[in-house]
Amino acid sequence: MKSIIIAAPQSGSGKTTITLGIMACLRRRGLQIAPFKVGPDFIDPGYHRLVAGRPSINLDGWMCGADFVRETFTSHGSGADMAVIEGVMGLFDGIGENGDEGSTAQVARLTGSPIVLVVDAGRMAGSAAALVKGFAEFDPQVNLAAVIFNNVAGDNHGLLLRKSMAAALPRVKVLGCIGRDERLHIPSRHLGLLTAEENPLSPGFLQHLVETVERCLDVDFLCHLSCTHSHDIGKPGDVMEDQGAGNLVPIAVARDEAFCFVYEDNLRLLREAGCEIVEFSPLRDRALPVGIGGIYLPGGYPEIFAESLAANAPMKEAIRAAVEKDMPVYAECGGFIYLTRGVMDTNTEAGSIHDFVGIYPVTTRMLPRRKALGYREIITQQDSILGKRGLSTRGHEFHYSEMAELPESIDRLYRVRKLETELGAEGYRYKNCLASYIHLHFGSCPELAAAFADNCRKFNGSCS
């Protein structure tokens, strides 16, 4: 397997669109592409999946650590001709003491992948070469091999950029220059781009994108510069063995336009722990899948689809009944919101409420500004469906909503920190239902998947 990383000096440089174009172009050449995304983002991987035809996997050195990044890169890249990894923010933007953990540069070092830097050159000429030179020489362990200039004004502008690069940094290949093109714009909202579920890329968009990449970029050189990996980059024994072979327990996982934010590795680890993933739609299905031992409600945009979710009374009642019967239920962010009494309709003056499941006795209100953003570290304070007290796990929080303080009768299972700052208690439990605003990555603590699978198995056993 070969690999490349598409990175940028900063967010908004166009790396997502260019990454999609490269993936689509390589796939049309007959290559099997393994897509990856650095960091905790859910939206870009959805588009990767549409274009590459297989799930895109998050690689996050802060949430999951170096060993897990290597292992999951090997696991999900198996059978592919090339791994295409989209970076996050700027190439060297991370967190921690040296500001490197979770960065694209960290993943580049862990995987050995060369960097293709996407630079928005819309307001630069010779200065673009100085910028690229600084990035190329900042860390000798990171191989910045090529650059793509985006938002180029025309042929003369492109010629200036190429000449300045040839004079200042001839070892870094200019793969090409892409002009300004509103036809390549992907619409967005407060959390970022519209999701792939809401905005599936049209054949016309993809055709124009592929034609642009083929015309403007040296795709042959791109394939040539890719780093080649054997399938032993992960340490021996890193891959979890299947703990539930022969004793599978079905769990229902919400997957539709309203619930589309889930780490694919969470599902992989659940499968390896003995779960059979059964997808269902709270928007369209009238009942939960038969024979399940648990429910996983991921994040998404329940507020966007509030009217439809509220109208599906049979599904709300089915989930409510499952919780009351002590079925293990795990919900995060949008899934948590769905389990409250409802979300306020901000489009009406009266502020009417779209009724949701009602397990948690509060309503949710959407805000004009972001309420929370960032990595979170969690220490569990009690035993739960996710494992024993004292487990340390990591995740990410990003939302524009808030809800009133939950009553004291609802247990708080998480002690939450943001780096060294204590954020208080979170992780709300009612019976065997655990909900939180935080998206946990099970790769940070694989015991979570094993414990959830075991509790779902026990529930099914008690009901048989």
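Select E426 first. Setting aside neighbours within four places in sequence, E426 contacts R412, L413, Y414, V416, A435, S436, Y437 and I438. The model you have open is predicted.

E426 sits in strand β22, which spans residues 421-430. Is E426 buried or exposed? E426 is buried, yet it has no salt bridge. Select R376, the nearest side chain of opposite charge: it is 7.7 Å away. A salt bridge needs a distance within 4 Å. Next, pick out S436. The side chains of E426 and S436 are joined by a polar contact of 2.6 Å.

Stay on S436 and move to C333. Not counting residues up to four places away in sequence, C333 touches S436, along with G299, F398, H399, Y437 and H439. S436 and Y437 are also among the contacts of E426. C333 lies in the loop between β14 (329-332) and α12 (334-338). C333 is buried, at a relative accessible area of 7%. The unreviewed UniProt entry annotates C333 as "active site".

Last stop: the aromatic rings. The count comes to 16 aromatic pairs. Select F261 and Y301, which form an edge-to-face pair. Their centres are 5.4 Å apart, with 70° between the planes. This pair links distant parts of the chain, 40 residues apart. F261 is in the loop between β11 (249-254) and α9 (264-272). Y301 is in the loop between β13 (294-297) and α10 (306-311). F261 counts as buried at 6% relative accessibility, and Y301 is buried at 0%.

Key: Residues numbered from 1 in each chain as written. Predicted model: local features only at pLDDT ≥ 70, side-chain atom pairs only at ≥ 80, totals over all residues. Heavy atoms only, no water. Helix = DSSP H or I, 4+ residues; strand = E, 2+ residues; numbered from the N terminus. Buried < 20%, exposed > 50% of the residue type's maximum accessible area, 1.4 Å probe, protein only. Lys, Arg positive; Asp, Glu negative; His and termini not counted. Polar contact = N/O pair within 3.5 Å; in protein donor to acceptor, adjacent residues only side chain to side chain. Contact = heavy atoms within 4.5 Å. UniProt positions renumbered as here; feature names shortened; annotations may be inferred. Phe/Tyr/Trp six-rings, centres within 6.5 Å; stacked < 30°, edge-to-face > 60°.
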